[in-house]
Amino acid sequence: MSKLVTIDRHIMETQPPHATGEFSALLNDIAFAAKLIGREVNKAGLVDVLGFTGTTNVHGEEVRKLDEYADDIIFKALDHTGRLCVMASEEREEIIPIPAKFKCGHYVLMYDPLDGSSNIDANVSIGTIFSLYRKVSSAERGTLEDCLQPGLEQVAAGYIIYGSSTMLVFTTGNGVCGFTYDPSVGEFLLSHENIQTPKRGKIFSVNEGNSYRWDSGTKAYVNYVKQVDKGTNRPYSGRYIGSLVADFHRNLLYGGIFLYPGDLKNPNGKLRLVYEANPLAMIVEHAGGYASDGHRRILDIKPDGIHQLTPLIIGSLDDVKEAEDFIQGKR
Ligand code: P6P
């Protein structure tokens with residue numbers, strides 16, 4: 001039996017001595033919200049949580065009932081804790097102030113409440129993605145400035161994957177660990193102590209249906225990984241679920257590369273810098289991997305807006321660096 005270590009026990013054992021416990025409490029708040037979201041996701045199809053709300057989000061995407069539920073749960077689980085100064089959600093146009101009746105704290109929460117939810121009717125794994133930053137503005141309560149920090153400033157990043165089991169994977173800059181939810185005790189228990197992604201994988205994940213719109217470098221790279229060359233593990237296997245957290249999680253554990261490149265129609269691709277790319281980039285780098293937009297390290301990019309899109313090439317270090325060489329015309 002693996003060690004029976006809960007999230008707060010793990011954080012107490014791994015955080016620096018001067019940690020105030022506020023951090024641990026925040027991560028537990030997020031884990032609590034994840035339990036509630038997972039409960040609804042896991043019974044989707046049995047109760048009236050599938051389908052659409054009839055509204056569209058800031059990206060013009062139809063909002064599903066579960067998207068709205070997850071967004072609301074996270075807000076309500078964290079708005080009154082006194083640990084956050086501001087929140088921002090991928091589902092909402094503007095930043096989310098902490099209600100005036102509640103005390104403000106020192107942290108900023110950026111979250112994608114339910115990524116990949118268009119897959120839920122098909123029972124495909126989906127996920128919640130989150131980032132924590134420290135407050136940097138001088139204002140009394142959090143501002144947009146606090147939400148537009150480069151990914152390097154994240155103090156924690158994580159995701160919850162609602163799949164065959166519900167797992168919470170996060171890093172506070174001190175390694176990447178995974179906790180698997182045990183519903184019989186209502187706790188997330190440590191199941192993956194120090195996740196390290198292989199330096200090179202054998203999996204590539206990309207929607208090849210968009211290949212007619214790719215630039216020549218991206219086309220050349222994807223063709224390259226499909227050529228036979230036993231000396232370099234090629235051909236790679238193509239694995240694409242179409243749910244970012246599921247594709248990322250598989251590649252994190254097994255090794256490989258995920259690409260959502262820009263293209264002629266969408267030069268900045270489809271994924272969000274702040275809500276998706278930054279948290280996953282922090283996780284993958286602390287697991288020994290790398291994340292790029294094809295030209296720049298994701299974590300170095302200063303966001304201009306909270307809904308900014310970015311091309312995302314992420315996964316095993318050698319694979320992402322190799323893809324960059326093709327995209328930059330060096331190969
Ligand atoms: P496509 C899901 O809608 C999502 O936002 C990500 O979870 C996923 O990686 C991507 O879109 C899939 O996009 O264009 O391949 O269907």
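This is a predicted model: local features need pLDDT of at least 70, side-chain atom pairs count only at pLDDT 80 or more; totals for chains, interfaces and linings use all residues.
Residues are numbered from 1 along each chain as its sequence is written, and side-chain values use heavy atoms, with hydrogens and water left out.

**Exercise 1**

Describe how helix 1 and helix 2 are arranged, and name the residues through which they meet.

Step 1. Helices are DSSP runs of H or I with at least four residues, strands are runs of E with at least two, and both are numbered from the N terminus. Two packed helices are described by the angle between their axes and the distance between the axes. The axes are lines fitted to C-alpha atoms, for helices over the stretch in contact, and the angles run from 0 to 180 degrees between N-to-C directions.

Step 2. The axes of helix 1 (residues 7-14) and helix 2 (residues 22-42) come within 10 Å and cross at roughly 155 degrees. Angles under 35 degrees count as roughly parallel, over 145 as roughly antiparallel, 65 to 115 as roughly perpendicular and the rest as oblique, and helix 1 and helix 2 are therefore roughly antiparallel to each other.

Step 3. With contact meaning heavy atoms within 4.5 Å, Ile7, Asp8 and Ile11 of helix 1 meet Ser24, Leu27, Asn28 and Ala31 of helix 2.

**Exercise 2**

Describe the packing of helix 5 against helix 8.

Step 1. Helix 5 (residues 216-225) packs with helix 8 (residues 317-327) at an angle of about 135 degrees, and their axes are 7 Å apart. That angle makes helix 5 oblique to helix 8.

Step 2. From helix 5, Gly217, Thr218, Ala220, Tyr221 and Tyr224 take part, and they meet Asp319, Glu322, Ala323, Phe326 and Ile327 in helix 8.

**Exercise 3**

How many salt bridges does the structure hold, and which residues does Arg200 join in a network?

Step 1. A salt bridge is a side-chain nitrogen of Lys or Arg within 4 Å of a carboxyl oxygen of Asp or Glu, and the structure holds 19 of them.

**Exercise 4**

Step 1. Buried means under 20% relative accessible area, exposed over 50%, and partly exposed in between (1.4 Å probe, protein chains only).

Step 2. Being 4 residues apart in helix 1, Glu13 and Arg9 are separated by about one helical turn, and Arg9 is partly exposed at 42%.

Step 3. Arg83 is partly exposed at 22%, whereas Asp29 is buried at 15%.

Step 4. Arg92 lies in the loop between strand 3 and strand 4 (96-97), and Asp71 in helix 3, 21 residues away. Arg92 is partly exposed at 24%, and Asp71 is buried at 7%.

**Exercise 5**

Is Gly38 buried or exposed?

Step 1. Gly38 lies in helix 2, and at 4% relative accessibility Gly38 counts as buried.
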